[in-house]
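Colleague: I would like to learn how to read a structure step by step, beginning with a single residue and ending with the whole chain. Could we go through one together?

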Amino acid sequence: MQARARHSVRKKLRVCQRHLKSAQMENSSSELIFLLSGLNETKTKRQIFFGLSILAYVFTIFVNLTLILTILLEKILHEPMFIFLCNLCVNSICGSTSFYPKLLIDLLSDSHVISYTACIIQIFGIYIYVFCESTNLSVMAYDRYVAICKPLEYHSIMTPRRVGMLVQMTWFLTFIETNVGIVLLVRLPLCGSRINKLYCVDWDVVKLSCIDTTLNNVFAFGIMVFHIFQVLLIIISYVLITRTCVQSQAERNKFMETCLPHIITLGILVVSVSSDVVSARLSSDASLQALRNSFSIMYLIVPPILNPLIYGLKLKQLRRIVWRRFNSRITALK
């Protein structure tokens, strides 16, 4: 009897071990799913938000793609300023595509979830957009400084080779910053799955970590200091440009046409990113969710739409070519 009892106990233990092993394998193969709670307050107006969002996305792609194709197809626009503007528009499309598609899917769905892999990909895309925008604006400020403060040396300094190196440097720095941030993020074990935003962002995922995040915080602080330094360099360059432009009417006109759009673009980016920082500091009260949403998406929506419009309307040479091409297409359709 005792032998049978021991045999029965062993058999049950083996069954339990098999079940435990299969459960562990199942858990290891399953992927973490995040809940995006930012849309909880928009259930009654979802169709309106979907319509506005898809219009904004299509318009963003259209205006940026229009400027990209115009600059690439017109040899007269193959100048440093327009090449950097083209780079800015490409980055705007990347940023919009990192945000809008997932938002549009969520607006049509009752469950607002995102897999861990998709979340990391979205964070990667948003990182690329923000870092590249800041660095590209710094390069554009350098270009305007040389053009206005050292006009006789402009073509010897801004050679095609140097312009290519500056564009490559912009993307190289962007990918280095992004990849380091992603590596530091994916190493963290997570103890939660709720993100109080419309989309995935690095800091909200870091807050779900089960372990110390000092390394992530130090990296974030370093990145912030680096990009604040870029903004300071832009401000210094425009102080020098302004001093030069005061001396003649021709330089003032040049400043208003080519530099003013850049200042407005920088201002839009700073205000938009600052709004996202403010949204992170707001109370988690559900009544403030709509306000938090508005602040947190401003830098993903406003710059990609306004940048090509500001440059397209302000730069006479670009504006004339765009209108000429547009009118020729309309005439061809008649």
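Colleague: Let us start with one side chain: does Lys102 count as buried or exposed, and what is its relative accessibility?

Modeller: Keep in mind throughout that this is a predicted model. The idea is to compare a residue's relative accessible area with a cut-off, and buried means under 20%. Lys102 has a relative accessibility of 17%, and therefore it counts as buried. This lysine is found in helix 3, which covers residues 80-107, and, once residues up to four places away in sequence are set aside, Lys102 touches Leu36, Val113, Ile114 and Gln122.

Colleague: Which residues does Asn64 touch, not counting residues up to four places away in sequence?

Modeller: Asn64 touches Cys89, Ser92, Ile93, Pro304 and Pro308 when those sequence neighbours are left out. Asn64 belongs to helix 2, and because its relative accessible area is 0%, it is buried.

Colleague: Where is the place of Leu306, and is Leu306 buried or partly exposed?

Modeller: Leu306 has its place in helix 10, residues 289-314, and because its relative accessible area is 32%, Leu306 is described as partly exposed. Ile301 lies in helix 10 as well, and with a relative accessible area of 22% Ile301 is also partly exposed. Leaving aside neighbours within four places in sequence, Ile301 is in contact with Phe99 and Tyr100, and its C-alpha atom is separated by 9.0 Å from that of Ser272, a residue 29 places away along the chain.

Colleague: Which residues does Ile268 touch, again not counting residues up to four places away in sequence?

Modeller: Ile268 touches Val302, Pro303, Leu306 and Ile310, so you meet Leu306 again here, this time as a contact of Ile268, which counts as buried at 14% relative accessibility. The place of Ile268 is in helix 9, residues 249-281. Between Ile268 and Val302 there are 34 residues of separation in sequence, and from C-alpha to C-alpha they are 7.5 Å apart in space.

Colleague: How many Å should helix 8 span at 1.5 Å a residue, and how far apart are its end C-alpha atoms?

Modeller: The 32 residues of helix 8, residues 214-245, should span 46 Å, and its end C-alpha atoms are 46 Å apart, which agrees. Among the buried residues of helix 8 are Asn216, Phe219, Ile223, His227, Gln230 and Ile234.

Colleague: Why is helix 4 described as largely enclosed by the rest of the structure?

Modeller: Helix 4 is described in that way because 25 of its 34 residues are buried.

Colleague: How do I read the packing of two helices, and at what angle do helix 4 and helix 6 pack?

Modeller: Two packed helices are described by the angle between their axes and the distance between the axes. Helix 4, residues 116-149, and helix 6, residues 160-186, pack at an angle of about 145 degrees, with their axes 9 Å apart. Helix 4 passes helix 6 in a right-handed crossing, and the residues of this contact divide into 18 nonpolar, seven polar and two charged.

Colleague: Finally, how many helices and strands are there in the protein chain?

Modeller: The protein chain has eleven helices and three strands, and from the N terminus on its elements run α-β-α-α-β-α-α-α-β-α-α-α-α-α. Of its 334 residues, 42% are buried. Among contacts with a separation of 6 or more, 78% are between residues 24 or more positions apart. The chain exposes about 18700 Å², of which carbon and sulfur atoms supply 68%.

Technical notes
Residues numbered from 1 in each chain as written. Predicted model: local features only at pLDDT ≥ 70, side-chain atom pairs only at ≥ 80, totals over all residues. Heavy atoms only, no water. Axes fitted to C-alpha atoms, helices over the stretch in contact; angles between N-to-C directions. Helix = DSSP H or I, 4+ residues; strand = E, 2+ residues; numbered from the N terminus. Left-handed = near helix turned anticlockwise from the far one by under 90°. Nonpolar A, V, L, I, M, F, W, Y, C, P; charged D, E, K, R; others polar. Buried < 20%, exposed > 50% of the residue type's maximum accessible area, 1.4 Å probe, protein only. Contact = heavy atoms within 4.5 Å. Areas by Shrake-Rupley, 256 points an atom, 1.4 Å probe, with all protein chains shown as cover. Expected span 1.5 Å × (residues − 1).
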